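Please examine the structure shown below. The paragraphs that follow lead through its strands, its core, its surface and some features of its backbone.

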Amino acid sequence: MKKTLIATALVGLFASQTAVASTETEELRKIIEQQQKVLADLEKRLEQTEERVEKTADVVETTAATGNSATTIGGYGELHYNNISDNLSGKDKKEFDFHRFVLFFGHEFNDKTRFFSELEVEHSLAGEGKNGEVEVEQAYIEHDFTDALTGKAGLFLVPVGIMNETHEPDTFYGVERNPVEKNIIPATWWEAGLAFNYEAAPGLGFDFAVTSGLKVDPAKFDIRKGRQKVSNASGENLAYTARVKYTAMPGLELAATAQYQADITQGTGADTASAMLLSAHAIYNYQDFSVRALYAMWDIDGNEAAALGRDEQNGWYIEPSYKFTDQIGVFARYNQYDKNAGNSDDTEVKQTNLGINYWLHEHVVLKADWEKQSGAKDSDGFNLGVGYQF
C-alpha cells in the first residue's frame, strides 16, 4: 500500500513538473518568436535606411554632376545723418540720406566655378530728377584653375586700396568713407574685363587685371567723375592693373597697386593723357589695437592736365583705433589730399575725424564721429549713421 502511494505521488510530481516544463517551453518559444520578429523588423528598417542613404548619395552625385549647388543672397546698407557747417560758403549740410541699399546674389556651379553680383540703389530714389542711381556694381564669373590660380571675367571691383573691395559699413570706422580713397583712388570703383589672382606662397598673392578704363573730362580731369561704371563704356584705351599683397605675418597686411592707362580721356582730349596710379597701404592689428595707413597718387601726362594743375593728384591718411570690447571701439583719422597737386596754389585739404562705433551685433553697427576740414576747405560738424551686413 505504501509503495502504491509513493508511486502515485511520484507520478503526480513528474506530471506536474512536466506540465511546468511544458508551460515554460511554450513561454520561451513565444519569447523567441517575438525576438525573431523584432530582429526581422530591425533588419527591414536597416535595409530601408541603407536604401535611403543610397538614394541620397545618388542625388548628391547628380547635383554635383549637373552643377545645381548653393545659391546665396546677402546685402548691406547704411543710413547717414550729416550736420556739417561750411565756414567758407555758408552752405551748411544738414540732411538724412539712406546712402546705400545693396543686395548680393551668388551661385556655386561646382567647387571650382561660381558667380557673384551686387545690385545697388544709391540715395533711395532713382530716376529722372532724382538724387539716386540703380547700379550693377559687380557681376562676374570666377573659376579656380588650380589651387593657386583663380580667374574672373565680368564686372568687378578694381584691386586697389583698402576700401575698394571691402567697404561694408560694419568693416570700417566712421560714418562716411575716408576722403582719400573716395577722391583719389576713387572708391567704389568697378570695371569690366579679366582678372587673375595667383597665390605664390601662403600669405603672398599677386593680382593682374585688364579692364575698361576711366574717361575723364579733359576740361576738368576729375578722377572720380571719370568712372564709366560699365554703362556703354568707351573701350578705346584699356587699363592694366597689378597688385602684390602680403599677409603671411599674423595681424599684418601690406599691399601695393599700380595701374596704367594710355589715355585717361579715351581720345576726347586735345592731346594724349596717359595716366599712372600708384597706391600702397598697411594694416596692423595687435590684440585690441589697430592702425591703417594708405597713400595714393596719380601722375597724368598732357598739357591740358598740367594747365589745370591736375597732372598730379595725391593723398594719404592714417587711422589708429582701439576696441574696448567686442561691441565698442573708438578711432581717430587724419586725412590729407590734393586734387590739384600739380600747381603752386594751396589746394590741399586736411580732414580730421574722431568717433565711436557701437556694434549691436557683429554685422550691425551704430556710428558717430566729429569732423573738421581745413586748408582749401573750412568746415566742421558731426555725422551719425547705422549700417548692417548679412
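**A guided reading of the model**

P186 lies in the loop that runs between α2 (179-183) and β6 (190-201); helices (H or I, at least four residues) and strands (E, at least two) are DSSP runs, numbered from the N terminus. The peptide bond that joins I185 to P186 is cis, with omega about 0°. T188 is likewise found in the loop between α2 and β6, and a cis peptide bond with omega of about -5° joins A187 to T188.

The model is a predicted one, in which local features need pLDDT of at least 70 and side-chain atom pairs count only at pLDDT 80 or more, while totals for chains, interfaces and linings use all residues. Residues are numbered from 1 along each chain as its sequence is written, and side-chain values use heavy atoms, with hydrogens and water left out.

For the chain as a whole, the secondary structure comes to three helices and 16 strands. Of its 390 residues, 37% count as buried, where buried means under 20% relative accessible area, exposed over 50%, and partly exposed in between (1.4 Å probe, protein chains only). Among contacts (heavy atoms within 4.5 Å) between residues at least 6 apart in sequence, 56% join residues at least 24 apart. The chain exposes about 21500 Å², of which carbon and sulfur atoms supply 59%; accessible areas come from the Shrake-Rupley method with a 1.4 Å probe, and for residues only the protein chains shown count as cover.

Strand pairing may be followed from β2 onward. Strands β2 (residues 93-108) and β3 (residues 113-122) run antiparallel and are joined by nine bridges; two strands pair if DSSP finds at least two bridges between them. A hairpin of four residues connects β2 to β3, and E108 has R114 in β3 as its bridge partner. Strand β3 also runs antiparallel to β4 (residues 133-144), with 10 bridges between them. Here E118 stands opposite Q138 in β4.

Strand β2 also contains F105, which counts as partly exposed because its relative accessibility is 33%. Together with I73, L119, V134, V136 and F390, F105 makes a nonpolar surface patch of about 570 Å². Patches consist of residues with over 30% relative accessible area and no salt bridge, like charges being joined within 9 Å and nonpolar side chains (Val, Leu, Ile, Met, Phe, Trp, Tyr) within 5 Å; a salt bridge is a side-chain nitrogen of Lys or Arg within 4 Å of a carboxyl oxygen of Asp or Glu.

Which residues of the largest nonpolar core touch the most other members? Of its 24 residues, these are W189, F221, I223, I264, L294, W298 and I300. Strands β10 (275-286) and β11 (289-300) each supply at least two residues of this core, and the largest share, four residues, comes from β11. A nonpolar core is a set of buried Ala, Val, Leu, Ile, Met, Phe, Trp, Tyr and Cys residues joined through side-chain atoms within 4.5 Å. Leaving aside residues up to four places away in sequence, I264 touches L214, K215, V216, F221, I223, A273, A275, W298 and I300.

Two further loop residues have a positive phi. Q266, in the loop between β9 (252-261) and β10, has a phi of about 55° although it is not a glycine. Q287, in the loop between β10 and β11, is also a residue other than glycine with a positive phi, near 55°. Q266 is buried, because its relative accessible area is 5%, whereas Q287 is exposed, with a relative accessible area of 69%.
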